[in-house]
2 protein chains.
Amino acid sequence: MDKLHLPALIAELQKFLPADGVLHSAEDLAPYECDGLSAYQAQPMLVVIPETIAQIESILKLCTEKNIPVVARGAGTGLSGGALPLENGILLSLARFNRILDINTDDRTARVQPGVRNLAISEAVASHGLYYAPDPSSQIACSIGGNVAENAGGVHCLKYGLTVHNIMKLEIITMQGEHLTIGGEAFDSPGYDLLALMTGSEGLLGIITEITVKLLPKPSATKVLLVSFDSVATAGQAVSDIIANGIIPAGLELMDNAAIKAADDFAHAGYPRNAAAILLCEIDGTVEEVDDQLQLAKNILQQSGASEIRLAKDEKERLKFWAGRKAAFPAVGRLSPDYYCMDGTIPRYQLADVLTRIKQLSDEYNLPIVNVFHAGDGNLHPLILYDANIEGELERTEELGGKILEICVEVGGTITGEHGVGIEKINQMCVQFNSAELTQFHAIKHAFDPDELLNPGKNIPTLHRCAEFGAMHVHHGQVPHPELDRF
Amino acid sequence: MDKLHLPALIAELQKFLPADGVLHSAEDLAPYECDGLSAYQAQPMLVVIPETIAQIESILKLCTEKNIPVVARGAGTGLSGGALPLENGILLSLARFNRILDINTDDRTARVQPGVRNLAISEAVASHGLYYAPDPSSQIACSIGGNVAENAGGVHCLKYGLTVHNIMKLEIITMQGEHLTIGGEAFDSPGYDLLALMTGSEGLLGIITEITVKLLPKPSATKVLLVSFDSVATAGQAVSDIIANGIIPAGLELMDNAAIKAADDFAHAGYPRNAAAILLCEIDGTVEEVDDQLQLAKNILQQSGASEIRLAKDEKERLKFWAGRKAAFPAVGRLSPDYYCMDGTIPRYQLADVLTRIKQLSDEYNLPIVNVFHAGDGNLHPLILYDANIEGELERTEELGGKILEICVEVGGTITGEHGVGIEKINQMCVQFNSAELTQFHAIKHAFDPDELLNPGKNIPTLHRCAEFGAMHVHHGQVPHPELDRF
């Protein structure tokens, strides 16, 4: 879009959008320049804030007609830059789609608009003894539409699943303005399963206008064990042992010594400050189930080499134990001028080995790494501490981070657990997938958005980009096949 | 393919396939003329039985080059005609891909070839205390590749999920001969989620060459309740009440009076022959969990109006109760010269109403209907009894069956629960989905198989077909939009 034609575009949008629904001054655009990954910033050409589904449809049809890229934005809490604007594109805010449309206690579902906050769903159904399970750290602020776009997880996704396991139906609008219903209220759905495909597609396939989520009954009992270990690898092995014995804790979090001390200084959580690692192991269910599983878990943890096992003696102490974990990221922020939070996933049984290799890399690069993560589902969050003011240290940090992600891929894991690919990990996608697989992804994109106007440049790298990345950085001797470079 | 050129094609295939890997005589082709839906039969041009992945790749490349359709076949137990051959196509049997490649007890996964029988997986891992959860009725014979193609369910999928919830990774070959790895061993996967898309795609998107399945620890205790009711609707309501109270039975099956009597005559299961309906409610887990949940279930069932609740007193009686349920289909087969087994799914809370409406339709058409089904997940299997020798009775049966499926769609359910669409329900797909949704499905097909050579004519109807079906049978005043008829 030529800058000269911008006033005409604004006028066209204002025909069907409310007066305050089209933002174009530099001042109005500034708050939209980045999402939770603030290292990347860009000013969008325009921000539109529709209030009705008909307005979304009109925006998308107009942008298709004029070949203008569209980036959707929920609450802007994403950590991989999925909602980073494009300078030649429109940013479509779903902030005004913030209503809970229906709560069905018989079917235990809620129909909600995409701008509803994650926590607002649980608050709205609490009086029925129900809640919505996925609980990303940002749940007080993040929107359910963004959760679907990123397939968000959280502390409790080990037992209760990711977003994809907790939704039943989506209403979407394609870039051409077509309305599609995806999934349904029944257990299975005929035709191709597009619900999982849409979930985690990072805004590249369609705009979500409505979500039917599953609700769960609140467990009648919840207890947490604080378990200490003399080495991080032993704690990692204990995680495997717990799961291998058929216990699925509601949450199973690991923190190493640096994280323990930082969190305890910050939140006074009562942690064992000299432990090499702790696990927080939460069990929920009926009173009988919880007692039964806690006893089993204690036996396993003892056999796995735990040096101390403490059961939170009441709800107050349980919340105190969790307060430390929840404060861990800001607490680590006080240890160093800067830190880089990685997000990779590995098969659980590889935990002990991978944690040992991360420690070796940390020594090799002489950059401290703090570990605080969702151990139960193998979702690592190594925090690399660095100082951006020391020349070359950011670059060495990024190189170290890349090596950690490559270890994740090497052991059968992935380059992202719950933060998405966005713009942050677009190069690592070239490590994760080969050319044939990326080509298939582009064909899927084409099936929904043939003009590539929805959030272009995010999530799926072009083969050209991977060839360039590969030239710098060849993996396992494989380079992308140039003959496949249709995209 | 011109019949004259068939010998040349055979010669080309024989260059890379084993001597007994290309079948072409009428006698050799006969066993492949139908799958479990024997009402539809066709003789394929050829049957190929490859032994290696390289051979599959060569077959697909050759067929792409010569524009020959390919239908994949596992064990041929499917009930919707998904493996029905095409007269101008090749039938690709995966029978020789019958090896279990790896069992990982740490990660609780197994890597298997597609021709491995469902039950063979559980047998192979039984000594480790593990099993593979999905258990379709045909599990002694059906193959895991077919289970993935149809997203198979079974009695225990209420608690343990469908096939899609029990697999982690697929290796596939596209019609162009590309090898794709889909999914992985980690909890989440970046890029688009193609694992659920491929599962249940009925052989239209690619040929599955390897499957990594999840294994579960065998529960230490399993108990079953046999619960009687004075009306089918009350039993249906009791199902909703159990689930609404947060109990997830391992199995929750409903049988009405006709099914009870037929099954009891056949299997001497000790059922209450005068009950209007029974539920079999199975609970598994640790001993403490099972006792706890059984007590809760009994209380709920009493409040829901159960007339009798019997706990199987030992393992022998538990198996006897299940023997009746498992024999129900052949038992019903003795009641009438023919029966038509329907398969639809509804939201659970609609069970009581829908069962009442099915009874009304049965009276209206003067055709008896027997109900035996997976009540817990709302998956209905009404069996319509008829006599094909009475003129017009088959047609009236199909009309009645169609009306039942339309009720399923009307209340927010689907036209299939676990049997797939195949050729059987291709017209009902026009009721389930609108033109924009079908167009999106065709675009997905195109993204994997642009020449439409894999299992054409199954699963997803053309818009043209829906327009013809709609002309006979307009639903809710909506007819497909002719302007969308790109396919």
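In the predicted model, about 5,400 Å² of area is buried between chain B and chain A, and carbon and sulfur atoms give 62% of that area. The contact involves 67 residues of chain B and 67 residues of chain A. On the chain B side, the residues that lose the most area to chain A are Phe187(B), Pro190(B) and Tyr192(B), which together account for 17% of what that side buries.

Polar interactions across the interface were also counted. Between chain B and chain A there are twelve residue pairs in polar contact, with both residues at pLDDT 80 or more, whereas the count of salt bridges between the two chains is zero. Several elements of chain B give two or more residues to the side that touches chain A: helix 6 (157-160), strand 9 (179-183), helix 7 (195-198), helix 8 (232-244), helix 10, helix 15 (429-432) and helix 16 (435-448). Helix 16 of chain B provides the largest share of this side, with nine residues. By class, the side of chain B that touches chain A is made up of 31 nonpolar, 22 polar and 14 charged residues.

Helix 10 was examined in both chains. Helix 10 of chain A (residues 287-303) packs with helix 10 of chain B (residues 287-303) at an angle of about 180 degrees, and the two axes lie 9 Å apart. Because angles over 145 degrees count as roughly antiparallel, helix 10 of chain A and helix 10 of chain B are roughly antiparallel to each other. In this pairing, Glu288(A), Glu289(A), Asp292(A) and Gln293(A) of the chain A helix meet Glu288(B), Glu289(B), Asp292(B) and Gln293(B) of the chain B helix.

Over all chains, the structure holds 38 salt bridges. Side chains of opposite charge can pair when their charged atoms come close. One such salt bridge is formed by Glu210(A) with Arg111(A), whose closest N and O atoms are 2.9 Å apart. This pair links distant parts of the chain, as Glu210(A) lies in strand 10 (residues 207-214) of chain A and Arg111(A) in strand 6 (residues 109-112) of chain A, the two residues being 99 residues apart.

Notes: Residues are numbered from 1 along each chain as its sequence is written. Chains are lettered from A and ligands numbered from 1 in the order in which they are written. This is a predicted model: local features need pLDDT of at least 70, side-chain atom pairs count only at pLDDT 80 or more; totals for chains, interfaces and linings use all residues. Side-chain values use heavy atoms; hydrogens and water are left out. Axes are lines fitted to C-alpha atoms, for helices over the stretch in contact, and angles run from 0 to 180 degrees between N-to-C directions. Helices (H or I, at least four residues) and strands (E, at least two) are DSSP runs, numbered from the N terminus. Angles under 35 degrees count as roughly parallel, over 145 as roughly antiparallel, 65 to 115 as roughly perpendicular and the rest as oblique. Contact means heavy atoms within 4.5 Å. Buried area is the accessible area (1.4 Å probe) that two parts lose on being put together, summed over both. A salt bridge is a side-chain nitrogen of Lys or Arg within 4 Å of a carboxyl oxygen of Asp or Glu. A polar contact is a pair of N or O atoms within 3.5 Å; within protein, one must be able to donate a hydrogen and the other to accept it, and residues adjacent in sequence count only if both atoms are side-chain atoms. Ala, Val, Leu, Ile, Met, Phe, Trp, Tyr, Cys and Pro count as nonpolar, Asp, Glu, Lys and Arg as charged, and the others, Gly among them, as polar.
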